[in-house]
Each structure stands twice: as structure tokens, then as C-alpha cells.
Amino acid sequence: MKIIINGCNGKMGQVLTKQIENDPDLEIVAGVDRTPDKYKNKYPVYKDIFEFKGKADVVIDFSNPYYLPGLLDYCIEKNLPIVIATTGFSNKDYKDIQKSSKKIPIFYSANMSLGINVLIKLVREAAKILAESFDIEIIEKHHNNKIDAPSGTAYMIANKINEELNNSKEYVFGRYTKKEKRNKNEIGIHAIRGGTIVGEHSVIFAGLDEIIEIKHTAMSKNIFAIGAIKAAKFIVNKDKGLYSMDDLVIT
Ligand SMILES: NC(=O)C1=CN([C@@H]2O[C@H](COP(=O)(O)OP(=O)(O)OC[C@H]3O[C@@H](n4cnc5c(N)ncnc54)[C@H](OP(=O)(O)O)[C@@H]3O)[C@@H](O)[C@H]2O)C=CC1
Ligand SMILES: O=C(O)C1=N[C@H](C(=O)O)C[C@H](O)C1
């Protein structure tokens, strides 16, 4: 399978490159990022920088929301499936992803690890039973180079819990500006940034005299690269549409 990596010089791009090089079935046919001197002092102009020898089967994207419009245009033009792993998208970006998936296969997940996707399954179950009487708070911790906050994964966990609860919850981000008691219909979401923390997500269900905490800790970035490669293998021959870890992991 021939792969284009979008965001190839980023931390995830580098980890992904190593994982792909270890798999004899995979080949990187092009890498794209914004580093000016590598691409003739240009910022991404997809028709120029995507020129490479050979044909690609799939694009894997670990980059920045800035890239999204060009990435979608290019993949639609070339009829290429994409695995999008970037986070920090706006509502408009999500709509653009959805719209584009009517033309090409797109796999999107804010977290490509198996563990987080099992955590989501567990917290959905817990929320069904506990939401009436327990408060739900999500805490995420990441390295000091992370641009977006809260993490895409924290949003994804909150959205899945909320889906389970008929979208009855509203999100409160931190409590700095909130000068009143906690409402029952809140999900609190809190972000911590420091050092080289790869990624931690905790979902706390706090009730009367008892607490359940369900936590995932990423010990290396390899888990995300491995998940993205699995997603690429899954999506490469699929019809147009929007796919997620639910299609790959949770049956
Ligand atoms: N879904 C998942 O499982 C995971 C998702 N991620 C997400 O993947 C993305 C990349 O993460 P990571 O590799 O750690 O980040 P890095 O900052 O190391 O790399 C980001 C890449 O995007 C480019 N880039 C950065 N900022 C901009 C900008 N403002 N405009 C244009 N291009 C930019 C960089 O180019 P240059 O090097 O030239 O600056 C680089 O190639 C993030 O959104 C992160 O949250 C990360 C891990 C797992
Ligand atoms: O930026 C990161 O590093 C990560 N980002 C993703 C997110 O925003 O949820 C996934 C993972 O936690 C690592």
C-alpha cells in the first residue's frame, strides 16, 4: 500500500514513518509539510508540493487544521482515501470533512489507540447507569508542545457520553470563570499541559461517598501510529463515506 504522509516532519509524522518502514507491505511515496526550505519557501500549495513519482493509495494526516481545505481538495481531485488524525478542528472543519466524505472515503478519529476506544465503550456503559446521580468530569494531560486544548480525545469522550445521554449535557471548560455551583447537567472538561506527557485521559464519575475513575495512559506515540496504519489498511478499498474507530474496533 502506497502512502502519503501529511505532516511528515511533525512528531507524529516521524513516528509514523518509522512504523511504516517496519512493514514490508507499506511504502511512503510522499511526505508533505510546511517546512519552507524543503518546499521552495512555499507554504502548502497542494498541486505543487504533492507532485511526486508514482501513485498513492491513501493519505495519512497528522498535521494542523490549517492544512484541511487543501488536503480535502487534493484527495477529492485524486479520488484518494484519507485517514485524518489531526485535532483542533472547528465546527466548520467537521462539516467540511462530512461533506467531503460524500465523495471519498474518510476515516477520522481524534485518537487512534485501541485503549481509548475501549475506554469510550466503558464510559458509555458507566454513564448510562450513573449519570442520574453522579457528576461527570474529564481530565486530560498532554506534553507542553500541544497546540489545541482541550484535546480532541477529551471532546470525543464527552460527545460519546453525551450521545448516550440524549445530548442532555452541556460542557464546562475549566471552572475559572464560573462563579456558581456545579449544575447536574454539566460535563466538566479540564486540560493540563507539561513536559513530555504523551497523553492521559481520565473520566471521573463522582457520586455520594464514592468515585469511579476510568483512565487511559498513552506510554508512547507508537500506539497512535499503529492505529492510523490499521485505519489506512481498513479504509483503502472502502466506498466513499465517513468511518471511525467504531467501524474498526467496536463491533
Ligand atoms: N488522532 C490521534 O491519535 C493523534 C492525533 N494527534 C494530532 O496530530 C496532530 C500533529 O501532532 P504532532 O505530530 O504531535 O504535532 P507537531 O507540531 O509535531 O507536527 C505538526 C505538523 O503540522 C505542521 N504544522 C504545525 N503548525 C502548523 C500551522 N500553523 N500551519 C501549518 N502547518 C503546521 C508542522 O509543520 P512544521 O514541522 O513545518 O512546523 C508539522 O508537520 C495534532 O493535531 C495532534 O493533536 C497526535 C497524536 C495522536
Ligand atoms: O497532540 C497529541 O499529542 C495528541 N493529540 C490527540 C488529542 O488531541 O486527543 C490524541 C493524543 O492524546 C495525543
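Residues are numbered from 1 along each chain as its sequence is written, and chains are lettered from A and ligands numbered from 1 in the order in which they are written. Because the model is predicted, local features need pLDDT of at least 70 and side-chain atom pairs count only at pLDDT 80 or more, while totals for chains, interfaces and linings use all residues.

The protein is assigned two domains, domain 1 (2-112 + 222-248) and domain 2 (114-217); such bounds come from an automatic or database domain assignment. Their C-alpha centres are 28 Å apart. Six residues of domain 1 and 10 residues of domain 2 take part in the contact between them, where two residues are in contact if their C-beta atoms, placed from the backbone, lie within 7 Å. The side of domain 1 that touches domain 2 has two nonpolar, four polar and no charged residues. In these classes, Ala, Val, Leu, Ile, Met, Phe, Trp, Tyr, Cys and Pro count as nonpolar, Asp, Glu, Lys and Arg as charged, and the others, Gly among them, as polar. UniProt, in an unreviewed entry, places the feature "domain: Dihydrodipicolinate reductase C-terminal" at residues 115-248; UniProt positions follow the numbering used here, feature names are shortened, and annotations may be inferred rather than shown by experiment. This span is 35% helix and 28% strand, and its end C-alpha atoms lie 13 Å apart.

Two ligands come next. Ligand 1 is surrounded by 25 residues, the closest being Gly10, Met12, Asp33, Asn64 and Ala85; a residue is counted as near if its C-beta atom, placed from the backbone, lies within 6 Å of the molecule. The shell comprises eight nonpolar, 13 polar and four charged residues. Helix α1 (residues 11-21) gives the most to this shell, with three residues. Helices (H or I, at least four residues) and strands (E, at least two) are DSSP runs, numbered from the N terminus. Around ligand 2 are Thr87, Ala110, Asn111, His142, Lys146, Ser151, Gly152, Thr153 and Gly199. Both domains give residues to the shell of ligand 2, so this ligand lies between them.

Within strand β1 (residues 2-6) sits Ile4, which counts as buried with 24 C-beta neighbours inside 10 Å. The cut-offs are 20 or more other C-beta atoms within 10 Å for buried, 12 or fewer for exposed, and partly exposed in between, with C-beta atoms placed from the backbone. Leaving aside residues up to four places away in sequence, Ile4 touches Val29, Ala30, Val32, Ala56 and Val59. Helix α3 (residues 68-78) has Leu68, Leu71, Leu72, Tyr74 and Cys75 buried. Seen down the axis of α3, these fall within an arc of 165°, so they line one face of the helix; the arc is that of the directions from the helix axis to the C-beta atoms.

Most residues other than glycine have a negative phi, and most peptide bonds are trans. Asn167, in the loop between α6 and β7 (170-173), has a positive phi near 50° and is exposed. Asp209 lies in the loop between β9 (200-206) and β10 (211-217); its phi is positive, about 65°, and Asp209 is exposed, with 5 other C-beta atoms within 10 Å. A cis peptide bond, with omega about -10°, joins Ala149 and Pro150.
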